[in-house]
There are 2 protein chains.
Amino acid sequence: MRALLARVGRTIRQDCRIETGDRVAVAVSGGADSVALAWLLGELAARDRGPVVAGLIHLNHQLRGAESDADEAFVRDVAARLDVPAAAAGVDVGARARDAHVSIEVAAREARYEFFETAASSLGATLVATGHTIDDQAETVLLRLLRGAGTRGLSGIRARRDRIIRPLIHCRRADLRTFLRSRGERWREDATNEDVSILRNRIRHELMPVLSGIAPGGVRALARLAALAQDDEAALMSAATEFGSSLVLSNGAGDGRVEVDAAMLSLMPAALARRLIRACAADIAPGRQLAARHLEAVRSLAASDKLVGHLDLPGVVVAKRDGRLVLTPVASAPAC
Amino acid sequence: MRALLARVGRTIRQDCRIETGDRVAVAVSGGADSVALAWLLGELAARDRGPVVAGLIHLNHQLRGAESDADEAFVRDVAARLDVPAAAAGVDVGARARDAHVSIEVAAREARYEFFETAASSLGATLVATGHTIDDQAETVLLRLLRGAGTRGLSGIRARRDRIIRPLIHCRRADLRTFLRSRGERWREDATNEDVSILRNRIRHELMPVLSGIAPGGVRALARLAALAQDDEAALMSAATEFGSSLVLSNGAGDGRVEVDAAMLSLMPAALARRLIRACAADIAPGRQLAARHLEAVRSLAASDKLVGHLDLPGVVVAKRDGRLVLTPVASAPAC
């Protein structure tokens, strides 16, 4: 228990970059990880070794009827016992997923992070803490791996991203359960965590046990990879941006158009060219993602002998002319 | 069969960078992959779509008695039927492993690559082809992952490294067996491939089936990651070397001593600093490997307020003085 508290305290200081005066809203689903997070942050705050806990925040996903309502009541009860306010809201995740044509998982995540912003503000919090553990990190790395990710995807979950912090990112899930049991604290089990039609759950329940059986240090190895990948990705992005400054010929005055020297792009190291293309496309079509095959198509177009060419990519049209690649948003693409 | 031949032909041209006049020695253990490689390269050569096959080479590991001798006889028979010479040699891998205090696997690999060099020369070959498949690539990525590798380790098996080429690196093991069966060709099973005390075999027989069950495209995803990691690692090494040129103050005139500006090293992006330290150490102590924790220790020493400090690492001593890190080989390290 003392080792666990010390570990969380270190993570908060070193990796989450907490500053004096920070107030943290703790996102609690009712599951063991986030409930342990609430108690641990409460304990650290009481000992003046962590930020003030501004309150608990809970999004009711309304996916499991009475179960979802019981989760919310449970979180309100933990907040009352911690003597901090609770902010909860409901969202119809199922409807959101149908409307936006995305999976339940994606809709739930988007709804969650939107809610975090508003709920944190309502509590006067500067940060939101989530209960992601090193086990989540390992599972995320494997998930990305199986989806064909490169260094960027393998970076996994960061200890801090904008105003979101993950104080438990170095803690094992099993240790958090032991901590709760030792204090006689309860938590809620979410039956959807057992649904093996969800790839993440199959990784958790089928792949991880085999992996840990073969290599007991597997979870820590995967987490270490994520940390190294974060640093590698940062260095690659910075090198790509530096290269790009001499390569991107015009970054249109408000017309959202980017021109790149094709010959120079094809001479760039492949790793940097891919990142530069991705960054240019993200400037033009925020929120759209180019896949690996799209990046290779742009590189091939840049390298080819053809003087003119044309690619329709998600949110972006790439046209080759006069030795330049011209990237424009799909809506305003000129007729070719 | 035609698809398989075409794939191998493409790999040879595009990824193995074969040149006119190249003559290839095919390393054949007797297992399905390398036997298929011999027949496929023979077929391509006969159609003038691949390099001349200079002969088959086989290292008798002498680990399995009569079985090992039967492997050698089998390979000689395949060579005779392909109408090319065979070069075989024996090595006592068990003794080598004991003498060098390394595992059987490591000793066998070292012996193999030494033998490849001499055997290729004896056949007048310019290249050696090995039977590594995309399945080996995926297993290697997982093996490195479980050992805590970063981008460099995930690069896996390259289609070409120096004079070694891997024409089957995009082929599935199952397709090679189908190819052999369709031609009525036999191969030898190596019982040590089933030994689950070897981590690689547990990955092959226990982890991969679960992984492929969850994500049917898992093998290709892992291989794609290896390809991306190769490019990422190349770009990172080149950026590290560029940074290093202004940072490495002296690269001693033959005394094998390297001095690095400590303050500048600590300001470098972490990903580049790690690679620069590794490269400097490799210059001084070839063949010795620094682990991740050694690299972090050197970075900490560089960043610390302490004016003097000292680290004993494998093959290298790092001393801090006058704002510099001085790296020297262990044998010639000055007393501190």
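Buried means under 20% relative accessible area. I keep that cut-off at hand for these entries, and I note that I am looking at a predicted model.

**Entry 1: B:Asp136 and its partners**

I started with B:Asp136 and asked: is B:Asp136 buried or exposed? B:Asp136 has a relative accessible area of 9%, so I put it down as buried. Its side chain meets that of B:Arg173 in a salt bridge, 2.9 Å from N to O. B:Asp136 sits in helix α6 (residues 134-146) of chain B and B:Arg173 in helix α8 (residues 173-182) of chain B, so this pair ties together parts that are 37 residues apart in sequence. B:Arg173 has a relative accessible area of 13%, so it is buried as well.

I then found B:Asp136 in a salt bridge with B:Arg204, at 3.4 Å from N to O. That pair links distant parts of the chain, 68 residues apart, since B:Arg204 lies in helix α9 (residues 199-214) of chain B. Both B:Asp136 and B:Arg204 are buried.

In chain A I looked up a network of salt bridges, and its members include A:Asp136, A:Arg173 and A:Arg204. A:Asp33 and A:Glu139 are also among them.

**Entry 2: a pair for contrast**

I checked A:Arg47 next, whose side chain meets that of A:Glu43 in a salt bridge (3.3 Å, N to O). A:Arg47 has 38% relative accessibility, so I log it as partly exposed. Over all chains, I get a count of 48 salt bridges.

**Entry 3: where the chains meet**

I have 35 residues of chain B in contact with 35 residues of chain A. About 2900 Å² is buried between the two chains, and carbon and sulfur atoms give 72% of that area. Four salt bridges cross this interface. I also looked up the pair B:Arg275 and A:Asp232, whose side chains meet in a salt bridge at 2.9 Å, N to O.

**Entry 4: helix α13 of chain A**

Last, I went through α13(A) and found A:His294, A:Leu295, A:Val298, A:Leu301 and A:Ala302 buried. They cover an arc of only 120° around the axis, so they lie on the same side of α13(A). A:Arg293 and A:Ala303, on the other side, are exposed. The buried residues pack against several elements of chain A, including α12 (270-284) and β10 (316-321).

Notes. Residues are numbered from 1 along each chain as its sequence is written. Chains are lettered from A and ligands numbered from 1 in the order in which they are written. This is a predicted model: local features need pLDDT of at least 70, side-chain atom pairs count only at pLDDT 80 or more; totals for chains, interfaces and linings use all residues. Side-chain values use heavy atoms; hydrogens and water are left out. Buried means under 20% relative accessible area, exposed over 50%, partly exposed in between (1.4 Å probe, protein chains only). Helices (H or I, at least four residues) and strands (E, at least two) are DSSP runs, numbered from the N terminus. The arc is that of the directions from the helix axis to the C-beta atoms. Contact means heavy atoms within 4.5 Å. Buried area is the accessible area (1.4 Å probe) that two parts lose on being put together, summed over both.
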